[in-house]
Amino acid sequence: MNTTTKKQLTPTDMVALEKNMQTEAAGLNKILADEFVLHAKLLQYHWNVTGVNFIELHRFYAEQYQQVARMMKSLAERVRALGHLAEGRLTVCLKTTSLCEEEFPSVHQQQLNNLVKSHEIIIQNLQRMKRSLDKEYRMYGTGDFLEDLVAEHESMIMLIRCYF
């Protein structure tokens, strides 16, 4: 016989939970804005690549922007699962992002350097958010999700660095 009883959430608990989920969704939307800018950067490079490595870099950039698109979809779904709207307006994303939108570099090495910097900034933001969630809100499910995103970005950096 099960003698344990489930604790009912009080109205105060429910308000605190909603506040935590709102904070979590806002942080995820900030990461989503970073991913939007990275995705646009990858598309720009993919569309405008030239030179002797055209085919290879064209395919490489396509693989990278497709991977970022999958991460954006996962982020948006996570925000929606928290009961909030996933931000997709470009004006809001550009105000929210931590990434810079540089002038288009025609030199492949500079494109690759820009991508590494962008991934590193996103990784720092993901890790900062995870620490905050773990410490302040004890939202471990999203923490695990963020760790998976960090691993994806680290893998993408490793592939980019193969071109150096």
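**Leu-146 and its contacts**

I began with Leu-146 and looked up its contacts (heavy atoms within 4.5 Å). Leaving out residues up to four places away in sequence, Leu-146 touches Leu-28, Leu-126, Met-129, Lys-130 and Leu-133. A note to myself: this is a predicted model, where local features need pLDDT of at least 70, side-chain atom pairs count only at pLDDT 80 or more, and totals for chains, interfaces and linings use all residues. Residues are numbered from 1 along each chain as its sequence is written, and side-chain values use heavy atoms, with hydrogens and water left out.

**The core**

Buried stands for under 20% relative accessible area, exposed for over 50%, and partly exposed for in between (1.4 Å probe, protein chains only). Which members of this core touch the most others? I found Leu-28, Tyr-61 and Leu-146, out of 37 residues. At least two residues each come from helix 1, helix 2 (54–81), helix 4 (108–137) and helix 5 (140–161). Helix 2 gives the largest share, 10 residues. I also jotted down that nonpolar side chains tend to be buried together in soluble globular proteins.

**The whole chain**

I then stepped back and read off 5 helices and 0 strands for the chain; helices (H or I, at least four residues) and strands (E, at least two) are DSSP runs, numbered from the N terminus. Of its 164 residues, 41% count as buried. Among contacts between residues at least 6 apart in sequence, 78% join residues at least 24 apart.

**His-46**

I moved on to His-46, which lies in helix 1 (residues 11–48). His-46 counts as buried because its relative accessibility is 8%. Beyond residues up to four places away in sequence, His-46 touches His-58, Tyr-61, Ala-62 and Tyr-65.

**Aromatic rings**

Last, I checked ring pairs: rings of Phe, Tyr and Trp (its six-membered ring) with centres within 6.5 Å, called stacked if the planes are under 30 degrees apart, edge-to-face if over 60 and tilted for the rest. I got 4 aromatic pairs. Tyr-45 and Phe-104 form a tilted pair, because their ring centres are 6.0 Å apart and their planes stand at 55°. Tyr-45 is in helix 1 and Phe-104 in the loop between helix 3 (90–96) and helix 4, so this pair ties together parts 59 residues apart in sequence. Tyr-45 is buried at 2% relative accessibility, whereas Phe-104 is partly exposed at 32%. Ring pairs link Tyr-45, Phe-60, Tyr-61, Phe-104 and Tyr-163 into a cluster.

Conventions: A nonpolar core is a set of buried Ala, Val, Leu, Ile, Met, Phe, Trp, Tyr and Cys residues joined through side-chain atoms within 4.5 Å.
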